[in-house]
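Let's take a walk through a protein model, one spot at a time. Have a look at it first.

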Amino acid sequence: YEIEPEFNGYTIEKYLKLKGYSHGCIVYLKKTEEGIRRNGVWAYTKEKLAEGDLLETVFVEEDSSENIVPVEMPLNIVYEDENILLADKKQGLLVHPDENEYNDTLIGRIQRYLYEKGEYDPQNENSFRPALANRIDRNTGGIVIAAKNAEALRVMNEKIKNNELSKFYLCAVRGIPKHEKAELRGYLKK
């Protein structure tokens with residue numbers, strides 16, 4: 001890509017997201033030697049682009065079935081049909097890869113599960129990989145929705161965006177509360 005004036009100052013990561021690169025794809029490029037080049041030199045995704053820069057992304061052809069990670073623990077599937085899968089994620093498991101953990105994630109386990117069932121073949125799939133419609137923090141356990149096809153992901157994302165799905169959290173309390181009934185409001189901030 002030759003960087004247009006309107007993208008001057010954007011980070012490489014932000015630019016790639018605008019060009020339609022998924023989070024997983026960007027993580028892959030970060031981990032691949034020579035995966036991202038700016039003006040012919042390997043680049044970090046946090047680097048800022050300048051007008052006229054030449055940005056290249058390099059994908060190494062490989063046997064994609066080797067990228068299917070082995071499932072170390074069985075998935076706890078609470079619902080499954082031809083379009084979606086609901087998995088009960090345990091505390092401590094990441095939903096997506098990050099800088100520290102790339103292999104053992106919920107989406108990795110789901111992709112492996114579908115691969116072993118014969119419902120997902122990465123070598124014959126060029127545009128869609130099973131994906132999560134929602135996510136929860138590493139230290140939270142609960143139900144996560146996985147889409148098995150692009151249309152299911154679109155529908156689930158639309159339902160989440162339009163608040164057609166509700167999320168409920170259960171909090172365990174130690175001890176006996178002073179009041180039989182009460183409402184507590186709290187807000188999470190970064």
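## Ground rules

This is a predicted model, where local features need pLDDT of at least 70, side-chain atom pairs count only at pLDDT 80 or more, and totals for chains, interfaces and linings use all residues. Residues are numbered from 1 along each chain as its sequence is written, and side-chain values use heavy atoms, with hydrogens and water left out.

## Helix α3

Helix α3 covers residues 106-117; helices here are DSSP runs of H or I with at least four residues, and strands are E runs with at least two, numbered from the N terminus. From first C-alpha to last, α3 reaches 17 Å, close to the expected 16 Å (1.5 Å times one less than its number of residues).

Several α3 residues are buried, including L106, I110 and L114 (buried means under 20% relative accessible area with a 1.4 Å probe, protein chains only). Their cover includes β4, β5, β6 and β7. Just after the helix, G118 has a positive phi of about 85 degrees.

## A pocket

Strand β7 turns up again here: with 3 residues, β7 gives the most to the lining of the second largest pocket. β5 and α4 each supply at least two. Closest to the pocket's centre are I136, I143, K167, F168 and Y169.

(A pocket is an open set of points on a 1 Å grid over the protein atoms alone, where a 1.4 Å probe fits, with protein on both sides within 12 Å along at least five of seven lines; lining residues have an atom within 4 Å of a point.)

## A tucked-in threonine

T45 sits in the loop between β2 and β3. Why is T45 counted as buried? Because its relative accessibility is 5%. Among the residues T45 touches are T11, I26 and I36 (contact means heavy atoms within 4.5 Å).

Conventions
Buried means under 20% relative accessible area, exposed over 50%, partly exposed in between (1.4 Å probe, protein chains only). Lists of a residue's contacts leave out its neighbours within four places in sequence.
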